[in-house]
Amino acid sequence: MPAALGRPQEIEALKNVDVLMLSPMMPLVLEGIAREFNLLKAWEAPDREAFIREHAPRIRGMAPGSHYRVDGALMDKLPKLEIIANFGVGYDTIDAAEAGRRGIIVTNTPDVLTEEVADLAIGLLLATIRQLPQVDRYLRAGKWLEKPYPLTATLRDRKVGILGLGRIGKAVAKRLEAFGLEIGYHGRSAQKDVPYRFYPSLVEMAKDVDVLMCVAPGGTETKGMVNAEVMRALGPDGVLINVGRGSVVDERALIEALRNKEILTAGLDVFEDEPRVPKELIEIEHAVLLPHVGSASVHTRNAMGQLVVDNLSSWFAGRGPLTPVAETPWTGRAA
Ligand code: NAP
Ligand code: 8YV
């Protein structure tokens, strides 16, 4: 039972609130929403579109789940929609600007995953440079009995450029400081009170560093910004790590850069068309490829899931959203 609710009639009233889910989410979210609201599971219906049409006039909340775009066309169908609670800090699958124009709140799950994703980014960086998955495969294949694994590249003396020095980018930078590495960053503007060098140009930063750590959000503004020119600037000893969004990196250009040895290697947790990963990338043995697991620990996914539920609870209890995104700031009204 939510802390601020107690009276049976209040709880009963919330049970009349229809919340739409497009694809199945973790049990904590499914059960948390179903406990308080009337949860509409679109994926269980034989015809998803017909199901949405049938319930549309009453749907007030949405927890979309993964892999579905929530755009103006979908919002058009849901005239009573008040809030979209996204599972994840990145919300590039939701047209938040459009939601804002319609007075619909969008929430995400910031902070609760920051340290987890930063840990993963460092793990991926080390795994990529020191070839840890390949070394593991070598041992399992019995090859150590024949000869030692060849010497690898090093993290030592590298300079790291962070694309997207936000919450996760800063947590990555803090860890890299402890590794004794020099750090720079690129974003839309220089930040105050940050001890790292700001590069107004991504290409200029790529020229100056030998690790490009991408932690930037997806969306039209960042689409393909890590392009062939950036990779050429990073150079033949350069390492690209992407834990932001797959769309930020031009995947075709990356494949070409890896094939032509224009960069040394890449560690990727995110891809342009997930969960589909190009065969050409899979064939590049020295790249390290992870299936979007940055936040994927039980601890952190539970915290994210709980924040999805708590945003809906708070909104429909009249207390406003807990973590609205920038495009839909809360101005004081509530359900
Ligand atoms: P955040 O605090 O909002 O940071 C995003 C940073 O990106 C900001 O510092 C921003 O800097 C920069 N940025 C935004 N637009 C940009 C642009 N057009 N050009 C250059 N830089 C730009 O978000 P966060 O919590 O750190 O999360 C960052 C992203 O990580 C998420 O959006 C998500 O895509 C990704 N993520 C991935 C995983 C995973 O499992 N791999 C998990 C969580 C998050 P300026 O405002 O100065 O430009
Ligand atoms: C999630 C993420 O795995 O928070 C994000 O932006 O990319 C990850 O934490 C993802 O959103 C769940 O689909």
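Is Glu98 buried or exposed, judged by its relative accessibility? Glu98 counts as buried, at 16% relative accessibility, where buried means under 20% relative accessible area, exposed over 50% and partly exposed in between, with a 1.4 Å probe and protein chains only.

1. Basis of the note. This is a predicted model, in which local features need pLDDT of at least 70 and side-chain atom pairs count only at pLDDT 80 or more, while totals for chains, interfaces and linings use all residues. Residues are numbered from 1 along each chain as its sequence is written, chains are lettered from A and ligands numbered from 1 in the order in which they are written, and side-chain values use heavy atoms, with hydrogens and water left out.

2. A search of the whole structure finds 22 salt bridges, a salt bridge being a side-chain nitrogen of Lys or Arg within 4 Å of a carboxyl oxygen of Asp or Glu. In one of them the side chains of Glu98 and Arg101 meet at 2.9 Å, N to O; the two residues are 3 apart in helix H5 (residues 96-101), and therefore separated by about one helical turn. Helices (H or I, at least four residues) and strands (E, at least two) are DSSP runs, numbered from the N terminus. Whereas Glu98 is buried, Arg101 is exposed at 61% relative accessibility. Glu204 and Lys207 likewise form a salt bridge, at 3.2 Å from N to O, and both lie in helix H9 (residues 202-208), 3 residues apart, or about one turn of the helix. Here Glu204 is partly exposed, with a relative accessible area of 41%, and Lys207 is exposed, with 53%.

3. A salt bridge between helices. Glu280 forms a salt bridge with Arg252, and the closest N and O atoms are 3.0 Å apart. This pair links distant parts of the chain, with Glu280 in helix H12 (residues 279-282) and Arg252 in helix H11 (residues 251-259), 28 residues apart. Both partners are partly exposed, Glu280 at 22% relative accessibility and Arg252 with a relative accessible area of 47%. Salt bridges that share partners also join Asp76, Glu98, Arg101 and Arg102 into one network.

4. Ligand 1. There are 25 residues around this ligand, of which Arg167, Ile168, Arg188, Val243 and Asp269 come nearest; a residue is near a molecule or strand if one of its heavy atoms lies within 4 Å of it. The shell divides into 10 nonpolar, 10 polar and 5 charged residues, where Ala, Val, Leu, Ile, Met, Phe, Trp, Tyr, Cys and Pro count as nonpolar, Asp, Glu, Lys and Arg as charged, and the others, Gly among them, as polar. An oxygen atom of ligand 1 is 3.0 Å from a polar backbone atom of Gly166, and a backbone N or O atom of Leu165 lies 3.2 Å from an oxygen atom of the ligand. The protein covers 86% of the 920 Å² of accessible area that ligand 1 has on its own, with areas from the Shrake-Rupley method and a 1.4 Å probe; for residues, only the protein chains shown count as cover.

5. Ligand 2. The residues around ligand 2 include Ser66, Phe87, Val89, Arg245, His292 and Met304, and by class its shell has 4 nonpolar, 5 polar and 2 charged residues. An oxygen atom of ligand 2 is 2.8 Å from an N or O atom in the side chain of Arg245, and an oxygen atom of the ligand is 2.7 Å from an N or O atom in the side chain of His292. Taken alone, ligand 2 exposes 330 Å², and the protein buries 83% of that.

6. Backbone geometry to check. Most residues other than glycine have a negative phi, and most peptide bonds are trans. A cis peptide bond joins Glu274 and Pro275, with omega about 0 degrees, and Pro275 is found in the loop between strand E11 (265-268) and H12. Asp111, which is not a glycine, has a positive phi near 70 degrees; Asp111 lies in the loop between strand E5 (105-107) and helix H6 (114-129) and is exposed at 52% relative accessibility.

How values were computed:
Polar contact = N/O pair within 3.5 Å; in protein donor to acceptor, adjacent residues only side chain to side chain.
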